[in-house]
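Hello,

Here is the structure we talked about. Please have it open while you read; my notes follow below it.

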Amino acid sequence: MNTNYTSTRDNSVHLSAKQAIKKGFADDKGLFVYPELGQNQLNLNEILKLNYHDIAKTVLAKLLPDFSKEEIDESVEQAYRNSFDSDKITPVVDVDNFHVLELFHGPTSAFKDVGLQLLPQLMKHVLTDDNKVMILTATSGDTGKAALEGFKDLPNMGITVFYPDGGVSKIQKLQMTTTGGSNTRVAAIRGNFDDAQTNVKLIFNDQKLKDQLGDKVSLSSANSINIGRLIPQVVYYFDAYKQLVNNGAIKAGDKVNFTVPTGNFGDVLAGYYAKLLGLPVNKFVVASNENNVLANFFETGVYDRNRPFFQTVAPSMDIQISSNFERLLYYKSGEDTAYIKQLMDDLEDSGKYRVSKDVLKAIQKDFYCGYSTDDEIEAAIRDVYNQNGYLMDPHTAAGYKVMRDYQKLDDTPMILLSTASPYKFVKAVATAVLPEEADSDNVLQTMKDLSTKTKTAIPDNLAKVWELPVRHETVIDKSDMESYVKAQVEEVFYDKDQSSSH
Ligand SMILES: *Cc1c(COP(=O)(O)O)cnc(C)c1O
């Protein structure tokens, strides 16, 4: 068996891509990584001739070597056959002297669809015989719905999503609570996102529960720590480059820059993987919001999460521990797992760590980092709409502001990743673009006003969600999450007690 993967914190760990996808993260709490990444690269000229699906198959064959060709082909076809409203899957749009890579054409209008349409298809080939997996996800909004859609009605898989009661937007809540399917479960938690996240981690690590679930049922995660969600994101970096070559903006072999609005560092890390695999990239411009832990790190080499937490207009980037940054540290330290373990122990003990000068320099060679305040985000949405007629969501706008700062230093062709439809975060967008302050109580009306004013279409899933019946109304105490999970495992996999509400 191909055991290409190891843990960022212990290089004596060896497992296959399938095992890594099934487990989610390592027992030592490290993340699974591919040590030889970059030692044999993809053929760029071949890739430039392929469509999105075939680029996906090429990238996956390289990074998931224990999957058969048939398994990869079938997974990619199932994932992207008709779930996206663009046949390019992730189209590039030209705006001024930069290009926007639109990642929001999937079923829930956020970029997480790209990974979460494919992860469940891969998971299918990981489960053997009558093995079953229950996916547990704590969400602050976007991941929950994208995961529900990806896993909906797949055999031997169930999905349970926890969100903070009152802690997600009206539209995000509706998206989740109206989800169909017989294996989907959604519960609001009396508590905040951290409570939901902390308890999900406790459930994952609960040996007693594992024993009760037995050999047949395992728990796994749909977060970007799972390589099965991260690797599909490598694909659109290659595909975007191809689109620029095809429309004559660059020549094959030219370098480009990417700007990426960043939270957990999954999206931009996938770009770095593409670079290691041979994509000609000069710089990755990383954008944070007012939760600017990473921007400070780039100046000082100290990652320090001891700071106030801000709720911003770009909530999917409201994060203080960028989990996937650990993977970058692994590669940039020369794959020194003992060193990474030390840093992560420091982070757990004191909330901070300091990297060596060499590691910081190695990171700065490939990455630039800045941040955007809420006011700057709003101004960016307004300016780009007024000057270029292009409507951005607040996360994309955070990227735009940092991109403009960086473009003063470097005029390499630039691709800005757009991570959500403006209609998914309609309040902030309406505030920036519509003449009157948006009426927060009538989100649907605000969407219609925005559509009329900007002559852009409301994505189908966001227009229709208002008419769907609410199917998931459960609200529970955080202390009841574990018993809730147990009950859902019984219901979904053993068809017991179908009378309970969900
Ligand atoms: C999740 C998310 C991000 C952050 O992506 P990471 O991979 O966590 O860095 C940015 N924008 C939107 C809209 C998101 O949903």
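This is a predicted model. I start at the ligand.

**Ligand site**

Threonine 419 puts a polar side-chain atom 2.8 Å from a nitrogen atom of the ligand. Asparagine 264 comes in through its backbone: an N or O atom there lies 2.7 Å from an oxygen atom of the ligand. Lysine 112 uses its side chain, with a polar atom 2.5 Å from a ligand oxygen. In total, 15 residues surround the ligand. The closest are Lys112, Asp142, Gly263, Asn264 and Thr419.

**Lysine 112**

This residue also carries a record. An unreviewed UniProt entry annotates Lys112 as "modified residue: N6-(pyridoxal phosphate)lysine". Please keep in mind that such annotations may be inferred rather than shown by experiment.

Where does lysine 112 sit? It lies in helix H5, which covers residues 112-126. Is lysine 112 buried or exposed? Its relative accessibility is 13%. Buried means under 20%, so lysine 112 counts as buried. Leaving aside neighbours within four places in sequence, lysine 112 is in contact with Asp142, Thr143, Ala146 and Arg229. Asp142 is also among the residues closest to the ligand.

**The sheet**

Next, an open sheet of 6 strands. The order is S4-S5-S15-S10-S11-S14, and the pairing is mixed. Strand S4 (92-95) and strand S14 (367-371) stand at the edges. Each has a single partner strand, so one side of each is left without a neighbour in the sheet. From one strand to the next, the twist averages 25°.

Look inside the sheet at S10 (residues 256-261) and S11 (residues 281-288). They pair in the parallel sense, over 5 bridges. Proline 261 stands opposite alanine 287 in S11. Helix H13 (residues 293-300) lies across S11 and S14. H13 runs at about 130° to S14.

**Helix H7**

One more element to check: helix H7, residues 170-177. How many of its residues are buried? The count is 6 of 8, and the helix is mostly covered. The buried residues are Ile171, Gln172, Leu174, Gln175, Met176 and Thr177.

What do they pack against? Two strands are on the list: S7 (157-164) and S8 (184-190). So are three helices: H6 (142-151), H20 (443-454) and H21 (460-464).

Best wishes

Definitions and conventions: Residues are numbered from 1 along each chain as its sequence is written. This is a predicted model: local features need pLDDT of at least 70, side-chain atom pairs count only at pLDDT 80 or more; totals for chains, interfaces and linings use all residues. Side-chain values use heavy atoms; hydrogens and water are left out. Helices (H or I, at least four residues) and strands (E, at least two) are DSSP runs, numbered from the N terminus. Buried means under 20% relative accessible area, exposed over 50%, partly exposed in between (1.4 Å probe, protein chains only). Contact means heavy atoms within 4.5 Å. Two strands pair if DSSP finds at least two bridges between them. Axes are lines fitted to C-alpha atoms, for helices over the stretch in contact, and angles run from 0 to 180 degrees between N-to-C directions. A residue is near a molecule or strand if one of its heavy atoms lies within 4 Å of it. A polar contact is a pair of N or O atoms within 3.5 Å; within protein, one must be able to donate a hydrogen and the other to accept it, and residues adjacent in sequence count only if both atoms are side-chain atoms.
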